[in-house]
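Me: I would like to learn how to read a structure like this one, feature by feature. Please show me the model and then take my questions in turn.

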Amino acid sequence: MKLGQIGIRRAETEDAGGIADVHDDAWRHAYLGIIPGKDLERMIARRGPLWWHRALKRNTAVLVLEVGGRVAGYATLGPNRMRMLPQAGEIYELYLSPEHQGLGFGRLLFEAARAELRRYGLASFSVRVLVDNGSAVAFYERMGGRVVAETGERIGETTLPLTIFGFEPE
(Lines give C-alpha, C1' and ligand atoms only; values in the text may rest on other atoms or scores of the structure.)
Protein backbone atom coordinates (compact mmCIF):
# COMPACT_ATOMS: atom_id res chain seq x y z
CA MET A 1 0.00 0.00 0.00
CA LYS A 2 1.45 3.35 -1.01
CA LEU A 3 0.79 5.77 1.84
CA GLY A 4 2.11 9.03 0.48
CA GLN A 5 2.24 11.85 2.98
CA ILE A 6 1.24 11.29 6.60
CA GLY A 7 0.24 14.14 8.88
CA ILE A 8 -1.94 15.24 11.77
CA ARG A 9 -3.66 18.60 11.78
CA ARG A 10 -6.66 20.45 13.14
CA ALA A 11 -9.80 19.40 11.25
CA GLU A 12 -11.55 21.82 8.89
CA THR A 13 -15.19 21.81 7.80
CA GLU A 14 -14.15 20.23 4.47
CA ASP A 15 -13.05 17.14 6.46
CA ALA A 16 -16.60 16.40 7.68
CA GLY A 17 -17.28 13.67 5.10
CA GLY A 18 -13.94 11.94 5.67
CA ILE A 19 -14.38 12.02 9.44
CA ALA A 20 -17.91 10.60 9.09
CA ASP A 21 -16.55 7.76 6.92
CA VAL A 22 -13.87 6.91 9.49
CA HIS A 23 -16.45 7.12 12.28
CA ASP A 24 -18.78 4.70 10.46
CA ASP A 25 -16.08 2.13 9.64
CA ALA A 26 -14.27 2.35 12.97
CA TRP A 27 -17.45 2.07 15.04
CA ARG A 28 -18.70 -0.95 13.11
CA HIS A 29 -15.27 -2.56 13.44
CA ALA A 30 -14.88 -1.77 17.16
CA TYR A 31 -18.42 -2.25 18.47
CA LEU A 32 -20.07 -4.93 16.34
CA GLY A 33 -21.08 -7.59 18.85
CA ILE A 34 -20.54 -5.20 21.81
CA ILE A 35 -23.23 -2.57 21.23
CA PRO A 36 -26.59 -4.09 20.22
CA GLY A 37 -26.97 -3.88 16.41
CA LYS A 38 -29.91 -1.50 16.13
CA ASP A 39 -28.42 0.83 18.75
CA LEU A 40 -25.05 0.79 17.00
CA GLU A 41 -26.59 1.62 13.62
CA ARG A 42 -28.68 4.41 15.16
CA MET A 43 -25.58 5.91 16.83
CA ILE A 44 -23.60 5.75 13.59
CA ALA A 45 -26.43 7.28 11.54
CA ARG A 46 -26.61 10.29 13.88
CA ARG A 47 -22.98 11.19 13.23
CA GLY A 48 -22.99 11.73 9.48
CA PRO A 49 -21.20 14.45 7.49
CA LEU A 50 -23.74 17.15 8.43
CA TRP A 51 -23.26 16.42 12.16
CA TRP A 52 -19.47 16.68 11.80
CA HIS A 53 -19.73 19.82 9.66
CA ARG A 54 -21.81 21.51 12.37
CA ALA A 55 -19.40 20.35 15.11
CA LEU A 56 -16.44 21.78 13.20
CA LYS A 57 -18.27 25.08 12.59
CA ARG A 58 -18.75 25.30 16.38
CA ASN A 59 -14.96 24.98 16.73
CA THR A 60 -15.09 21.55 18.34
CA ALA A 61 -11.49 20.43 18.88
CA VAL A 62 -10.96 17.69 16.29
CA LEU A 63 -7.62 16.46 14.99
CA VAL A 64 -7.41 14.42 11.81
CA LEU A 65 -4.80 11.91 10.74
CA GLU A 66 -4.24 12.24 7.02
CA VAL A 67 -2.62 9.44 5.03
CA GLY A 68 -2.07 9.96 1.34
CA GLY A 69 -4.38 12.99 1.29
CA ARG A 70 -7.32 11.17 2.91
CA VAL A 71 -8.68 11.26 6.45
CA ALA A 72 -7.61 7.98 8.07
CA GLY A 73 -8.39 8.80 11.69
CA TYR A 74 -9.56 11.48 14.07
CA ALA A 75 -9.52 12.48 17.71
CA THR A 76 -11.86 14.79 19.60
CA LEU A 77 -10.78 16.36 22.87
CA GLY A 78 -11.41 19.06 25.42
CA PRO A 79 -12.18 19.62 29.11
CA ASN A 80 -13.04 16.55 31.16
CA ARG A 81 -16.78 15.86 31.20
CA MET A 82 -16.46 13.77 34.38
CA ARG A 83 -16.13 16.46 37.04
CA MET A 84 -15.48 13.95 39.86
CA LEU A 85 -12.13 12.99 38.29
CA PRO A 86 -8.95 14.96 38.97
CA GLN A 87 -7.86 14.92 35.31
CA ALA A 88 -8.50 18.30 33.68
CA GLY A 89 -8.83 17.16 30.07
CA GLU A 90 -10.33 14.31 28.11
CA ILE A 91 -9.80 12.60 24.80
CA TYR A 92 -13.44 12.01 23.93
CA GLU A 93 -12.79 9.89 20.86
CA LEU A 94 -9.81 8.48 19.01
CA TYR A 95 -10.60 6.32 16.00
CA LEU A 96 -8.74 5.02 12.96
CA SER A 97 -10.20 3.41 9.87
CA PRO A 98 -9.74 -0.36 10.28
CA GLU A 99 -7.16 -0.57 7.47
CA HIS A 100 -4.92 1.92 9.33
CA GLN A 101 -5.00 0.12 12.67
CA GLY A 102 -1.98 -1.74 13.98
CA LEU A 103 0.50 0.39 12.00
CA GLY A 104 1.51 2.92 14.67
CA PHE A 105 -0.94 5.62 13.56
CA GLY A 106 -2.93 5.34 16.79
CA ARG A 107 0.12 6.25 18.83
CA LEU A 108 0.82 9.23 16.56
CA LEU A 109 -2.74 10.48 16.90
CA PHE A 110 -2.77 9.88 20.66
CA GLU A 111 0.47 11.84 21.14
CA ALA A 112 -0.87 14.69 18.98
CA ALA A 113 -4.06 14.78 21.07
CA ARG A 114 -1.98 14.80 24.26
CA ALA A 115 0.08 17.73 22.91
CA GLU A 116 -3.10 19.61 21.93
CA LEU A 117 -4.56 19.12 25.42
CA ARG A 118 -1.29 20.43 26.91
CA ARG A 119 -1.57 23.46 24.64
CA TYR A 120 -4.99 24.13 26.22
CA GLY A 121 -3.48 23.81 29.71
CA LEU A 122 -5.05 20.36 30.22
CA ALA A 123 -1.92 18.26 30.81
CA SER A 124 -3.69 15.52 32.78
CA PHE A 125 -6.54 13.82 30.96
CA SER A 126 -8.81 10.80 30.87
CA VAL A 127 -10.19 8.44 28.24
CA ARG A 128 -13.39 6.39 28.53
CA VAL A 129 -13.33 2.89 27.01
CA LEU A 130 -15.95 0.16 26.80
CA VAL A 131 -14.51 -2.80 28.75
CA ASP A 132 -15.44 -5.27 25.99
CA ASN A 133 -13.40 -3.30 23.44
CA GLY A 134 -10.26 -5.28 24.25
CA SER A 135 -8.07 -3.71 21.58
CA ALA A 136 -8.83 -0.18 22.88
CA VAL A 137 -8.23 -1.25 26.49
CA ALA A 138 -4.86 -2.75 25.49
CA PHE A 139 -3.97 0.35 23.46
CA TYR A 140 -4.55 2.78 26.35
CA GLU A 141 -2.66 0.50 28.72
CA ARG A 142 0.30 0.56 26.29
CA MET A 143 0.03 4.35 26.16
CA GLY A 144 0.56 4.44 29.93
CA GLY A 145 -3.00 4.90 31.15
CA ARG A 146 -4.00 3.69 34.57
CA VAL A 147 -7.54 2.77 35.54
CA VAL A 148 -8.99 5.64 37.60
CA ALA A 149 -12.66 4.67 37.58
CA GLU A 150 -15.12 2.05 36.39
CA THR A 151 -18.72 2.78 35.55
CA GLY A 152 -21.36 1.94 32.95
CA GLU A 153 -22.65 3.53 29.77
CA ARG A 154 -26.36 3.22 29.02
CA ILE A 155 -26.91 2.50 25.34
CA GLY A 156 -30.50 1.78 24.39
CA GLU A 157 -31.81 -0.83 26.82
CA THR A 158 -28.32 -2.03 27.78
CA THR A 159 -25.76 -0.74 30.28
CA LEU A 160 -22.24 -1.59 29.13
CA PRO A 161 -19.25 -1.59 31.52
CA LEU A 162 -16.84 1.29 31.01
CA THR A 163 -13.25 1.77 32.19
CA ILE A 164 -11.81 5.24 32.57
CA PHE A 165 -8.07 5.58 32.07
CA GLY A 166 -6.17 8.50 33.54
CA PHE A 167 -3.00 10.03 32.12
CA GLU A 168 -0.76 12.40 34.05
CA PRO A 169 1.65 14.98 32.61
CA GLU A 170 4.86 13.54 31.23
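Me: Which residues touch the most other members in the largest nonpolar core?

Reply: A core is read by asking which buried nonpolar side chains join up. The model here is a predicted one. Its largest nonpolar core holds 26 residues, and Ile91, Phe110, Tyr140 and Phe167 touch the most other members.

Me: Which helices and strands each supply at least two residues of this core?

Reply: The strands are β2 (62-67), β3 (70-79), β4 (89-96), β5 (125-130) and β7 (158-167), and the helices are α4 (105-119) and α5 (134-142). The largest share is that of α4, with five residues.

Me: What does Phe110 touch, leaving aside residues up to four places away in sequence?

Reply: Leaving out sequence neighbours keeps the list to contacts made by the fold. For Phe110 these are Ile91, Leu94, Phe125, Phe139, Tyr140, Met143 and Phe167. Of these partners, Ile91, Tyr140 and Phe167 are, with Phe110 itself, the core members that touch the most others.

Me: How many residues are in the second core?

Reply: That core is separate and has 25 residues, including Ile19, Leu56, Leu130 and Ile155.

Me: In what pattern do the helices and strands follow one another along the sequence?

Reply: Start with the tally, then the order. The chain has five helices and seven strands. Their order is β-α-α-α-β-β-β-α-β-α-β-β.

Me: How much of the accessible surface belongs to carbon and sulfur atoms?

Reply: Carbon and sulfur account for 51% of a total of about 8800 Å². As for charge, there are 22 positive and 21 negative side chains, and the centres of the two sets are 4 Å apart.

Me: Is Asn133 buried or exposed?

Reply: Compare its relative accessible area with the cut-off: under 20% counts as buried. Asn133 has 8%, so it is buried. Asn133 sits in the loop between β5 and α5. Leaving aside residues up to four places away in sequence, Asn133 touches Ala30, Tyr31 and Ile34.

Key:
Residues are numbered from 1 along each chain as its sequence is written. This is a predicted model: local features need pLDDT of at least 70, side-chain atom pairs count only at pLDDT 80 or more; totals for chains, interfaces and linings use all residues. Side-chain values use heavy atoms; hydrogens and water are left out. A nonpolar core is a set of buried Ala, Val, Leu, Ile, Met, Phe, Trp, Tyr and Cys residues joined through side-chain atoms within 4.5 Å. Buried means under 20% relative accessible area, exposed over 50%, partly exposed in between (1.4 Å probe, protein chains only). Helices (H or I, at least four residues) and strands (E, at least two) are DSSP runs, numbered from the N terminus. Contact means heavy atoms within 4.5 Å. Accessible areas come from the Shrake-Rupley method with a 1.4 Å probe; for residues, only the protein chains shown count as cover. Lys and Arg count as positive and Asp and Glu as negative; His and the chain ends are not counted. The place of a charge is taken as NZ of Lys, CZ of Arg, CG of Asp or CD of Glu.
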